Amino acid sequence: MLKETFKYYKRKCPPPSLKELIDFSSKDSTENYATSCLGQINNSVGLTPSSEWKIFQLEDKPGFIFISNPFTSIGQRYWICRCVKHYTRKPNRLNLDVHGDIKDGDWWTQCQNDYEQGSKLMEKLRWATLGYHHNWDTKVYKESDRDPFPEDLAALSKQVASIVGFPQFSAEAAIVNYYHMDSTLSCHTDHSELNLDAPLLSYSFGQSAIFLLGGRSKEEKPLAIRIDSGDIVIMSGESRHYYHGIPLIMPAKQSSWNLKANEEFSDEFLRPISLMENPEILDSMHQELQNDKLWEPFEKYISTSRINMNVRQVLPFGQSSL
Ligand SMILES: O=C(O)CCC(=O)C(=O)O
């Protein structure tokens, strides 16, 4: 069932009907879905107050939680910038590392400065791994393949996880996926982590996607869910074991990362960023997120791309290494 549904939504000609697509952005939290709001946000990592969040759970997909874009526009810009400009640098690992295409370890700057090869290089980026690096062959994490996890992403994840009832969550590994309009991600389960009791948090920015959510078996008919920029998917409990995949990237309905009038990069928002390794990053980001001219390269990238950061806890609660 999973394979057939994947093929159906991937189909170009004729295009699939979106009649059965679940679009949480247009739903009231009550209609068939139980909503909950279990905690409060006490500082900001680009999120709106949790009292305003729309949180959905699906009756027949226990542990699956969907938060309909809880980010401010500047918050979305912040994470887009982090993903393309900073998380693509060492010590993080990229699919491009094996090709030797990146000269000074700075993919984003090289893409901007190389007028001939820049756009090709931009297209070639598919993933980055952070923290405990995902091993694509063995699917086994190793202590020797571990680098520091970005503190801002850990802080964001701690807050989001606490709100939905996982205050102990510790972000230790992430895969950042970079999708183009023709990209797909085949259906799989994520089972490399020792601790499958901890949730998996998945943040999406930029263009939209269809997310297929199946069950433990490939025979189960999956649900098709629309994911827009800023949406957060959480797979916990039973659903942490479910097959899922991305058969289609779709144009965003709106560019929700574009600033609303009077929205600014506030001091409150700067606080978690001050956790970051390099204070110089702060100054340049401050400009890039707010100044339309400086934002332009990011806008160009995100207008034909989707970014997904999915964050995992690898270790059992209370354990500090493998
Ligand atoms: O892009 C997404 O929304 C899903 C990504 C994912 O499932 C993965 O990287 O394991």
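1. A polar side-chain atom of asparagine 177 lies 2.9 Å from an oxygen atom of the ligand. The model is a predicted one, and the distances here are computed from it.

2. For histidine 188, a polar side-chain atom is 2.8 Å from an oxygen atom of the ligand. For asparagine 308, the separation between a polar side-chain atom and a ligand oxygen atom is 3.3 Å. The ligand on its own exposes 290 Å², and 95% of that is buried by the protein.

3. Which residues surround the ligand? They are Asn177, Tyr179, Leu185, His188, Asp190, His244, Ile246, Arg306, Asn308, Asn310 and Arg312. Sorted by class, this shell holds five polar, three charged and three nonpolar residues.

4. Strands contribute to the shell as follows. At least two shell residues come from each of strand E5 (173-180), strand E6 (185-188), strand E11 (244-250) and strand E12 (305-312). The largest contribution is that of E12, which gives four residues.

5. Helix H5 covers residues 151-163, 13 residues in total.

6. Buried residues of H5 are Asp152, Leu153, Ala155, Leu156, Ser157, Gln159, Val160, Ala161 and Ile163. After H5 comes glycine 165, which has a positive phi, near 100°.

Conventions
Residues are numbered from 1 along each chain as its sequence is written. This is a predicted model: local features need pLDDT of at least 70, side-chain atom pairs count only at pLDDT 80 or more; totals for chains, interfaces and linings use all residues. Side-chain values use heavy atoms; hydrogens and water are left out. The expected span of a helix is 1.5 Å times one less than its number of residues. Buried means under 20% relative accessible area, exposed over 50%, partly exposed in between (1.4 Å probe, protein chains only). A residue is near a molecule or strand if one of its heavy atoms lies within 4 Å of it. A polar contact is a pair of N or O atoms within 3.5 Å; within protein, one must be able to donate a hydrogen and the other to accept it, and residues adjacent in sequence count only if both atoms are side-chain atoms. Accessible areas come from the Shrake-Rupley method with a 1.4 Å probe; for residues, only the protein chains shown count as cover. Ala, Val, Leu, Ile, Met, Phe, Trp, Tyr, Cys and Pro count as nonpolar, Asp, Glu, Lys and Arg as charged, and the others, Gly among them, as polar.
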